[in-house]
Amino acid sequence: MKRLQIYILGVGLALLSACSSQQNISNIQTHKNIVIDSNIGDDATFDQVIAPYKSELEKQMNIKISHTSVELNKTGDNSNLGNLLTDYTYEGALAWAKTNNIPSIDGAVINIGGIRTIIPAGDITIKQIFEVMPFENEVVIVKIKGSDLQGLFDYYLKEKTNNPVSHITILTEGNQIKTALISGQKIDKDKTYYIATSDYLAMGGDRMYFFGKGEMIGTGIKLRELFIEKFKENKEVKVPTDLRLDLK
């Protein structure tokens, strides 16, 4: 009996719906997509509005901040640009650590893929640093036990990737690690280390998953801003020449 009542109620609702007045349907209009490419002409009014801002931006971007007598590039295990920027990362993190109750910084590592272009011999401008490092990555410090930091050396042994390092020496041959040093010393598995890196790598970027075993300490320092300040401090670039990576 109950099922019959439900059925009758359903039929009744359907009939009421069918007998109700026809509802208006919104008037839907289709529009043509506009492709934004080089075929779109300049807008004179818009150009006039942004002209002073564009001029000031170009002026700031073309400010000379340093000079290099050689091309700075990212080629090879010991790329001069990679080593230089990793040293700057180390120095920036060390300065921050001294004022934030961090004992010291034991080493630094950044990813070679984050360095997007070279710096030719000659004057170095702010614009070039934006081209080298277009990302908004932050300097972080990873607090990690020596036993877990062994993963850093295992990573280079497996990946053979020339991610630049500072105050770290890694020499491999085939499937063996020949040299593994932090600040010139063999790793102490019971010691706590502080490694400066980017938030990208600290969160497992480039498959550096071992960093996940440590504690990530944010500094609030943007890598690009740090690099600009370090180039300003060093009016003539001194290229690092020490052996850091040799991955065979």
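Here is a short chat about the sheets, a helix and a cavity in this predicted model.

Trainee: Hi! What order do the strands of the five-stranded open sheet come in?
Mentor: The order is β5-β2-β9-β4-β10, and the pairing is mixed. Strands β5 (165-166) and β10 (215-222) stand at the edges with a single partner strand each, so one side of each has no neighbour in the sheet.

Trainee: How many bridges join β2 to β5?
Mentor: Two bridges, and the strands run antiparallel; β2 covers residues 107-109. Across that pair, Ala108 stands opposite Ser166 in β5.

Trainee: And what about the four-stranded open sheet, which order there?
Mentor: That one goes β8-β7-β6-β11, with mixed pairing. Its edges are β8 (185-186) and β11 (245-247); each has a single partner strand, so one side of each is left without a neighbour in the sheet.

Trainee: Are β7 and β8 parallel or antiparallel?
Mentor: Antiparallel, over two bridges, with β7 spanning residues 176-182. Leu181 stands opposite Lys186 in β8 there.

Trainee: Which strands does helix α5 lie across?
Mentor: Helix α5 (residues 146-159) lies across β6 (168-173), β7 and β11, at about 135° to β7. In the five-stranded sheet, α5 lies across β2, β4 (138-145), β5 and β9 (192-198), running at about 120° to β4.

Trainee: New topic: how many cavities of 30 Å³ or more does a search find?
Mentor: One, in the whole structure. The largest cavity holds about 50 Å³ of space.

Trainee: Which residues line the largest cavity?
Mentor: Ile110, Asn111, Gly114, Met133, Phe135, Asn137, Ser198, Leu223 and Phe227. Five of the lining residues are nonpolar, four are polar and none is charged.

Note on methods. Residues are numbered from 1 along each chain as its sequence is written. This is a predicted model: local features need pLDDT of at least 70, side-chain atom pairs count only at pLDDT 80 or more; totals for chains, interfaces and linings use all residues. Side-chain values use heavy atoms; hydrogens and water are left out. On a 1 Å grid over the protein atoms alone, a cavity is a set of points where a 1.4 Å probe fits but cannot get out, and a pocket is an open set with protein on both sides within 12 Å along at least five of seven lines; lining residues have an atom within 4 Å of a point. Grid points are joined across faces, edges and corners, and a volume is the space filled by probe spheres set on the points. Ala, Val, Leu, Ile, Met, Phe, Trp, Tyr, Cys and Pro count as nonpolar, Asp, Glu, Lys and Arg as charged, and the others, Gly among them, as polar. Two strands pair if DSSP finds at least two bridges between them. Contact means heavy atoms within 4.5 Å. Axes are lines fitted to C-alpha atoms, for helices over the stretch in contact, and angles run from 0 to 180 degrees between N-to-C directions.
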